[in-house]
Amino acid sequence: MPDRFRHGSRIVVAAPICRGMTPDHAEKRPNMSLSQRQLALLLIAPGLALVGALFLYPLCFSLISAFTGPGGGFSLQAFAKAYELYSGDILFTILIVVTSCALTALAAIAIAGTLTLGESRWVVGTLKALYRWPLFIPFIVAAQCMRTFLAKNGLMNNTFVSMGLMEPLQAMSFLDWRGIIITFVWKQTPFVALLLAGALASIDRATLEAGRNLGASRLRVLIELALPQVMPTLLVALVLSFVTMLSVLSVPMMVAGSQPTMLTVDMAFRINAYGDYATANALGVITYLISAGAAIIYLRHGMAKENAP
Amino acid sequence: MRILSIACSLAALIAASPLAAQTLNVATAGDQNMVDYVKDYLGPMFEKSHPGVKVVSVGTGPGDAGSQKIYEKLDAQKAGNATDFDVVVIHQKAAGTMVKEGLLAKYTDKVETAKMVSSEAAKNSLGSDVSGFVIPMFQSQTALAYNADLLKTPPNTFAELKDWVAKNPKQFGYNGIKGGMSGVAFVTGWVYAFGGDADKLIKGPYDPAVKAGWDKALGELKDFNKNVVITPGNAGTLDMLNRGEIAMGPVWVDMFYSWQADGKLPPNMKLKLAAPGMPGQPMYYAVPDKTANRKLAEEFIALATSPQVQADGIVKKFNWYPGIDAKNLEGKLDQAAWNKLFTDITPADLSAKAKSFPIAPYFNDILESYEKKVAN
């Protein structure tokens, strides 16, 4: 039996309705007159044109520019330069984003798990009211706040010192790679937690309660019963977060010094300081490849699931 | 009928408006304070003396990035009849490129105040001949800011600074080269100090082999960096000085004084220009070649570079050094404002140690060598 029928009857009921509405359904197609088809094309035309003009055209343009040498013609020179100058930053970017994703996943699981399985109404209510807030704060504002919050003599350390938890001499600055990770995790956790909590709320509670009745702890129910059922949602949320974090310029620029830094800062610097679009585009292609890597891992996982007996 | 008449009068109004009001578009590459300077200070003053003219101030962003955007816009409109911008305020690097590509108009012979300009930067912009195309709006300078309570005698030279940092690790901070020009200026000062002939870098001619001679200096800078804090940006350095996290760092003199006046820096902070010196740069007023309002643009720049405006706006309000020769400002400015500008860095210091940035190809070589040898 396919995986998706296991979770309850809702999907089984919904499926035929969905199928009936699909335009390419074999029985429906002959009924559609030519004018209707033209109308359909006309309807999607603005969207397609927008994607073409604002996404595909610049994408091709940047790809071509990345592979063009200074004298025209095919060349890998821009990539050689990108590697020579920014190999450290490429590694740094991957490490930052992967670590942030892992920590975001942990925090989101903790929050979503508490929301679903928590038994204290007070804790669940407070958490529910609070956890979504960072979602509405733009990256640049978050970065600006972190800049004064995480500094050596910033708000966080000063608070610890005045509470007597820390000696002033022990204070250290988090305005480096740690600051970037903290900002990313703080900003992305609500997004992942929101999707995850939604998915957890829609799974069949009977399985969870059965587990509880048989004596499993709440943590065990979360890890062994609930999480496996919402894994696809968690992965989608993490892949989206991964790509978002990869593309943020303001956070690495404002929170941390520039050595090493993330690829977005290098791209901006390449253009602003040298007007060198070729190397900037090469760095862009490297970024595409990194995010493609994340997409491939996700697709692999999805396919393995589909093919499972 | 009534709707028709309203529509007719509206149409007439729209048709007539270009005759009644003329718009002068001023594009500024720089921080928001420079955009506001045009919008709130120069613009209204010009509108008062030119009834019917409206000054629109556009900011294109700080640093060379802002100038790059102006360049791209003018370059894209090269083939058209008229550009969107009538006056542009640009950095040195972009000014050279724009003059070379014929995007700017030769206008200074029509502006009276151009005769009051004495600085070398009005003729030579990082190795490009720009005489006739630009008038400096102001001259700015970088220097080392330090906490006078923590160190009584600041280092006099870059060599002394190197020793001081070795003895006091993590007390010096700068923002690398990707976080703003004060860091770039510091790295340039380092190459001037330890990389051989500074004059050749400033005056040219360009020789691609010169950069090979910087390896030792940059290797030392890499070691030096192990004992410093890399700050997030020009403002980041000032923030850390303010919070007492570092004791010294390179800053822009005008930002330093403005922050101190706003109470964002403690009064015990002082400035020092260490030998052989650090670079500064002017911003230029220029007129695009294809502007439709050439005459208005020239009149605007004449006002902006007049002694009274330079004294009140540039020196008093923003703590920049004037773009025209300082002797023209005598009598226009009270003694206190004048003294404040020269308390820590005397005019003698300025004439000996205020350098210009290197010519464009050496400038790029310094940045790229830094990325190659120090940052990666």
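In which loop of chain B is B:Leu126 found? The close-ups below go through this predicted model, starting with that residue.

**View 1. B:Leu126 in its loop.** Look between β4 (124-125) and β5 (128-129) of chain B: the loop there holds B:Leu126. B:Leu126 counts as buried because it has 24 C-beta neighbours inside 10 Å, and the cut-off for buried is 20 or more.

**View 2. B:Asn319, between a helix and a strand.** Here we've moved to the loop between α12 (307-317) and β12 (321-322) of chain B, where B:Asn319 sits. B:Asn319 isn't a glycine, yet its phi is positive, at about 60°. Is B:Asn319 buried or exposed? Count the other C-beta atoms within 10 Å and you get 22, so B:Asn319 is buried.

**View 3. A cis peptide bond at B:Pro276.** This one is about a bond: B:Ala275 and B:Pro276 are joined by a cis peptide bond, with omega at about 0°. To find B:Pro276, go to the loop between β10 (269-272) and β11 (278-286) of chain B.

**View 4. A:Thr159 on helix α6.** Now hop over to chain A, where A:Thr159 is part of helix α6 (residues 155-162). A:Thr159 has 12 C-beta neighbours inside 10 Å, so it counts as exposed. How far apart are the C-alpha atoms of A:Thr159 and A:Leu299? They are separated by 45 Å, and the two residues lie 140 residues apart along the chain.

Key:
Residues numbered from 1 in each chain as written. Chains lettered and ligands numbered in written order. Predicted model: local features only at pLDDT ≥ 70, side-chain atom pairs only at ≥ 80, totals over all residues. Helix = DSSP H or I, 4+ residues; strand = E, 2+ residues; numbered from the N terminus.
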